[in-house]
Amino acid sequence: FAPFKTLIQFFMPNIIIVMYFIASVLCLASLSVSVAFDSISFNDLPYDSNDRLIGQWVMFKENTQSENSPCRDEIFSNPNSWLHHGDVEDIFQIAHLTNHDFELIVGNEIVKEGVSPTSLDTDCFAVRLLPGSPKELTHHPLPANKFNSEAGPEPLDDLSSWFYTFFATETGWMSYMQNPLTIYWINTQSSKRNRRSVGTLTYGDSNTVWLSTRLGHYFEIEDTVTGDVVFTTRVLFDSYNIVGDIVLPDIPTGPEAEKQFEDQIYQTLSEELNRSRRVVRTFTETGFDIGELPTDLFASMLTYYYNSYNNTYVEEWPNMVHINWWETASLLVSPPWDLKRYWQSRLLPMVESWIGGEIPLETSDIYGIRRYQDGARLLTHVDREETHAVSLIINLEQVGMREPWYVEIYDLNNYLHKIPMRPGQVVFYESARCLHGRMAPLHGFSYSNIFSHYRPVGDPAWFKKENPAGTVDPLPDFDSVCDATDEGSTGACNGGAAAFVDQYPYLIPAEPRVVHSDDLFKYWEKVGVTSA
């Protein structure tokens, strides 16, 4: 048997190599075949009960006339592909993009260039779909979530680079726990339990900690006093996390407290009216307008908001009455820094266009996402002069509305306009000059907004300057027009404002022009009566 044993010893390693090679080929072949025929319509992807996408997907389309598939090969066959990275290999789901969905995604872009969507056959087109994406908006991904091999000279290298952009994420934590906490990153690639401290978290939203991290990473948060692990998470998308239970502020009650709130409201309205009069510079005719949010931007905001919807904290209003926090709390969800900067950069040209396109603006602040709750009231006010020259209100969501909740904006002559909004719409407004608020209570379950602010580049003193030549004239003083055209009129008359309703459809002629803080306070009292 010795010769036979020698033969076995000689051939066995080679047989193992051959068998491994055959198994590898069959495995890759099965991947290629399954992917080649695994075309899924966006409508057939998994969605939850709210029609939000379940899981993170990469959908791709390749040149059907090509014998080879560089797109598919790069995704599956390259051993260095992102797909084989330990942190994310269980996160992404891959499918072939149908022609119909491909045309819906790229149709608007290529139609602009005069090319029929069906004639475009790229070697590799891919799109990333984020969990939480609204079903009706899945065909509107952000530009960064689309890849087209026709766009660059080295498509495969570009494809790999595009894949790895998925890894970069931001996650934040806010604590309602009294003891200081330590945030630990968990190394799951080590055979032994291994963790590293990456931050300290203390009580309150002002001490929120944001980290730039990678998709798939694990974190745990430990109480520094008790040693207990109080929170664990895995990063599956940009996210915001609340540690501990929401703590509501102490609310003073009784007739004396009500009187104090009332006095403070009157004083605040007086201060806000005086602040509005400090602004000399104006940009538009009325001081406000309404517009539409780009669909892909709206989808991005909705997706983030949905994924962090339950991670809200109570907005703090120390010694302030701008929101009636003592009657109903306003809640906040904080977006990550990079995502906010991107949103604001996309909104910037919209605001510049609204004020005429000749004045370069710079971003100054973006605030929200604020969720108003049933009964909320927003006191009429103006924004910070140095930083909030022109702004946007973005409505993301309205839930259980029993009646519209209008934006109440006073134009450049202090006449009231009430503007209805629907999700996906924006209101442009000169926020340091035009008094604005929602003094009528919210009659609905919730109403969620983002606020984005801008000013002229490098000019914090913009509001002190006279309008330059060429600035559009503000709308007329309706009462003065009435006095000049109505013989016998000895003062302001409602007829002046009423005559302009067709020209200014949101104008409320029944409300007098604001000339004193008493006018604002009377309106607060009048609209505060609870409707049936």
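Which residue of strand 12 is the bridge partner of threonine 171? I looked it up: serine 239.

Notes on the source. I am working on a predicted model, where local features need pLDDT of at least 70, side-chain atom pairs count only at pLDDT 80 or more, and totals for chains, interfaces and linings use all residues. Residues are numbered from 1 along each chain as its sequence is written, and side-chain values use heavy atoms, with hydrogens and water left out.

Entry on strand 12. I take strands as DSSP runs of E, at least two residues, and helices as runs of H or I, at least four, numbered from the N terminus. Strands pair if DSSP finds at least two bridges between them. Strand 6 (residues 168-175) pairs with strand 12 in the parallel sense, over five bridges. I then checked burial (buried is under 20% relative accessible area, exposed over 50%, partly exposed in between, 1.4 Å probe, protein chains only). Five of the five residues of strand 12 (residues 239-243) are buried. On one side I find Ser239, Asn241 and Val243; on the other, Tyr240 and Ile242.

I read four strands in the order 17-22-19-20, with antiparallel pairing. Strand 17 (378-381) and strand 20 (416-419) are the edges, each pairing on one side only. Neighbouring strands are turned by 25° on average, direction ignored. Axes are lines fitted to C-alpha atoms, for helices over the stretch in contact, and angles run from 0 to 180 degrees between N-to-C directions.

Strand 19 (residues 407-410) and strand 22 (residues 436-438) share two bridges. I looked up glutamate 408: its bridge partner in strand 22 is glycine 437. Helix 10 (residues 517-527) packs on this sheet, touching strand 17, strand 19 and strand 20. Contact means heavy atoms within 4.5 Å. The direction of helix 10 makes about 165° with that of strand 19.
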